[in-house]
Amino acid sequence: MSAPLPLVVPGSWHEEANCKDVEVDVFFSLDEEDQREALARCHACPVRAQCLEYAVVNREQYGIWGGTREQERRRLMRDRRRYAA
């Protein structure tokens with residue numbers, strides 16, 4: 001089962017993303033090779049920071065977002081909650 005493609009809003013950061021024309025399954029795969037490919041695309045992405053912020057704010061639990069895996073985003077969300085208190 002494939003994850004849905006993110007909604008691309010004209011004029012949004014999505015239009016500039018390195019992943020916009022890539023099969024979305026690569027970013028939601030459990031396969032280490034797929035994850036490395038996704039992370040490599042993220043590494044050179046001009047909107048990596050916006051993508052990561054979107055994922056953290058929207059609590060995206062699965063997949064590669066903004067060059068991070070699920071565990072890394074959980075840590076970021078936990079740290080944000082800790083420092084916000």
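Arg 82 and Asp 79 sit three residues apart in helix H3, which is about one turn of the helix. Helices here are DSSP runs of H or I with at least four residues, strands are runs of E with at least two, and both are numbered from the N terminus. Between Arg 82 and Asp 79 there is a salt bridge, with the closest N and O atoms 3.4 Å apart; the term asks for a side-chain nitrogen of Lys or Arg within 4 Å of a carboxyl oxygen of Asp or Glu. Asp 79 is partly exposed, with a relative accessible area of 24%. On this scale, buried means under 20% relative accessible area, exposed means over 50%, and partly exposed lies in between, using a 1.4 Å probe and protein chains only.

Before going further, a word on the source: this is a predicted model, in which local features need pLDDT of at least 70 and side-chain atom pairs count only at pLDDT 80 or more, while totals for chains, interfaces and linings use all residues. Residues are numbered from 1 along each chain as its sequence is written, and side-chain values use heavy atoms, with hydrogens and water left out. The pLDDT, the predictor's confidence in each residue on a scale from 0 to 100, averages 87 over the chain, and 86% of the residues score at least 70.

Now step back to the whole chain. It holds three helices and zero strands, giving the pattern α-α-α along the sequence. Of its 85 residues, 32% count as buried. Its accessible surface comes to about 6100 Å², and carbon and sulfur atoms account for 53% of that; the areas come from the Shrake-Rupley method with a 1.4 Å probe, and for residues only the protein chains shown count as cover. If we take contact to mean heavy atoms within 4.5 Å, then among contacts between residues at least 6 apart in sequence, 37% join residues at least 24 apart.

Let us return to the salt bridges. How many does a search of the whole structure find? There are four salt bridges. One of them joins Glu 53 and Arg 80, whose side chains meet at 2.6 Å, N to O. This pair links distant parts of the chain, with Glu 53 in helix H2 (residues 48-57) and Arg 80 in helix H3, 27 residues apart. Both partners are partly exposed: Glu 53 has 35% relative accessibility, and Arg 80 has a relative accessible area of 42%.

Glu 32 forms a salt bridge with Arg 36, the closest N and O atoms being 3.8 Å apart. Because they are four residues apart in helix H1, about one helical turn separates Glu 32 and Arg 36. Glu 32 is partly exposed at 36%, and Arg 36 is partly exposed at 48%.

Is Ser 29 buried or exposed? At 16% relative accessibility, Ser 29 counts as buried. Its side chain makes a polar contact of 2.8 Å with the side chain of Asp 34. A polar contact is a pair of N or O atoms within 3.5 Å; within protein, one must be able to donate a hydrogen and the other to accept it, and residues adjacent in sequence count only if both atoms are side-chain atoms. Leaving aside neighbours within four places in sequence, Ser 29 is in contact with Asp 34 and Gln 35.

The aromatic residues come next. Rings of Phe, Tyr and Trp (its six-membered ring) pair if their centres lie within 6.5 Å, with planes under 30 degrees apart counted as stacked, over 60 as edge-to-face and the rest as tilted. By this rule there are three aromatic pairs. Among them is the edge-to-face pair of Phe 28 and Trp 65, with 6.3 Å centre to centre and 80° between the planes. Phe 28 lies in the segment before H1 and Trp 65 in the loop between H2 and H3, so the pair ties together parts that are 37 residues apart in sequence. Phe 28 is partly exposed at 29%, whereas Trp 65 is buried at 9%. Trp 13, Phe 28, Tyr 54 and Trp 65 form one aromatic cluster.

Finally, visit Arg 59 in the loop between H2 and H3. Most residues other than glycine have a negative phi. Phi of Arg 59, however, is near 50°, a positive value in a residue other than glycine. At 53% relative accessibility, Arg 59 counts as exposed.
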